[in-house]
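This briefing concerns aromatic side chains and the packing of helices. The sequence and the structure are shown first, and the points follow by topic.

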Amino acid sequence: MSDVHIGHQPLEQITKEFFDEESGFFAKLQEVVEYCAENDIIFGGVFITGDLFDHQLSLNSGFAKFAMDLIHALCRIVIVEHGGTIIVLKGTRSHDLEQIMIFEPFETEFEDKFFIANTLSEVNVLGYDILLI
C-alpha cells in the first residue's frame, strides 16, 4: 500500500477505511490471507511504499495514535498471526519526514520480519533478495 497520507482526511474517515469490519483494509487483508491459504500460496506480507504520513504530526494528535494503532494491528495480523513481513519505505520528505522512525522498536521486536527503509537497502523475504529504493 502507498499514499495513506495520515493527517490529510478526517480521523473518523481514515479509521473507517482501515478498521471497518465489513469493508475496511483489514477486512480485505483477511480475504487475501484466506485466499492464499486456500490456494496454497505463501502470504509474504505488506509493504508500505511511501507517504504513510501527510505532514508532520504532533504526538499529541489522534492521527499519531492512529498511526501507531495501524502499525500495531499490521504487526499482529501480518507477522504474529500469519508469519508475513512488513516493510515501511520512507516516502516524500515533505510528507513522511523522519516520522516513520517512531516504529523503530518493531524492528527489534520482530527482527527479520519488520523493516524500515530510509535509504537504499536490501532485505531478504522468503529467500528473495529485495532491493528497497
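Phe106 is buried, and Phe110 is buried as well. The model in which these residues are described is a predicted one.

**Aromatic pairs and cluster**

- Eight aromatic pairs are found when the whole structure is searched.
- One of them joins Phe25 and Phe26, whose ring centres lie 5.3 Å apart with 80 degrees between the planes, an edge-to-face arrangement.
- A single aromatic cluster is formed by Phe18, Phe19, Phe25, Phe26 and Phe66.

**Helix H2 against helix H3**

- Helix H2 covers residues 25-38 and helix H3 covers residues 62-81; their axes come within 12 Å and cross at roughly 15 degrees.
- H2 is therefore roughly parallel to H3, since angles under 35 degrees fall into that class.
- The two helices, H2 and H3, cross in a right-handed sense.
- On the H2 side, the contact involves Phe25, Phe26 and Leu29, which meet Leu70, Ala73, Leu74, Ile77 and Val78 of H3.
- The residues in the contact of H2 with H3 comprise eight nonpolar, no polar and no charged.

**Helix H1 against helix H3**

- Helix H1 spans residues 11-19, and its axis comes within 11 Å of the axis of H3, with a crossing angle of roughly 5 degrees.
- This angle makes H1 roughly parallel to H3.
- From H1, Leu11, Ile14, Thr15, Phe18 and Phe19 meet Gly62, Phe63, Phe66, Asp69, Leu70 and Ala73 in H3.
- The contact of H1 with H3 is made up of eight nonpolar residues, two polar and one charged.

**Residues that link the topics**

- Phe25 and Phe26, which belong to the aromatic cluster, are also among the H2 residues that meet H3.
- Phe18, Phe19 and Phe66 are likewise in the cluster, and they take part in the contact of H1 with H3.

Terms used:
Residues are numbered from 1 along each chain as its sequence is written. This is a predicted model: local features need pLDDT of at least 70, side-chain atom pairs count only at pLDDT 80 or more; totals for chains, interfaces and linings use all residues. Side-chain values use heavy atoms; hydrogens and water are left out. Rings of Phe, Tyr and Trp (its six-membered ring) pair if their centres lie within 6.5 Å; planes under 30 degrees apart count as stacked, over 60 as edge-to-face and the rest as tilted. Buried means under 20% relative accessible area, exposed over 50%, partly exposed in between (1.4 Å probe, protein chains only). Axes are lines fitted to C-alpha atoms, for helices over the stretch in contact, and angles run from 0 to 180 degrees between N-to-C directions. Helices (H or I, at least four residues) and strands (E, at least two) are DSSP runs, numbered from the N terminus. Angles under 35 degrees count as roughly parallel, over 145 as roughly antiparallel, 65 to 115 as roughly perpendicular and the rest as oblique. A crossing is left-handed if the near helix is turned anticlockwise from the far one by less than a right angle, and right-handed if clockwise. Contact means heavy atoms within 4.5 Å. Ala, Val, Leu, Ile, Met, Phe, Trp, Tyr, Cys and Pro count as nonpolar, Asp, Glu, Lys and Arg as charged, and the others, Gly among them, as polar.
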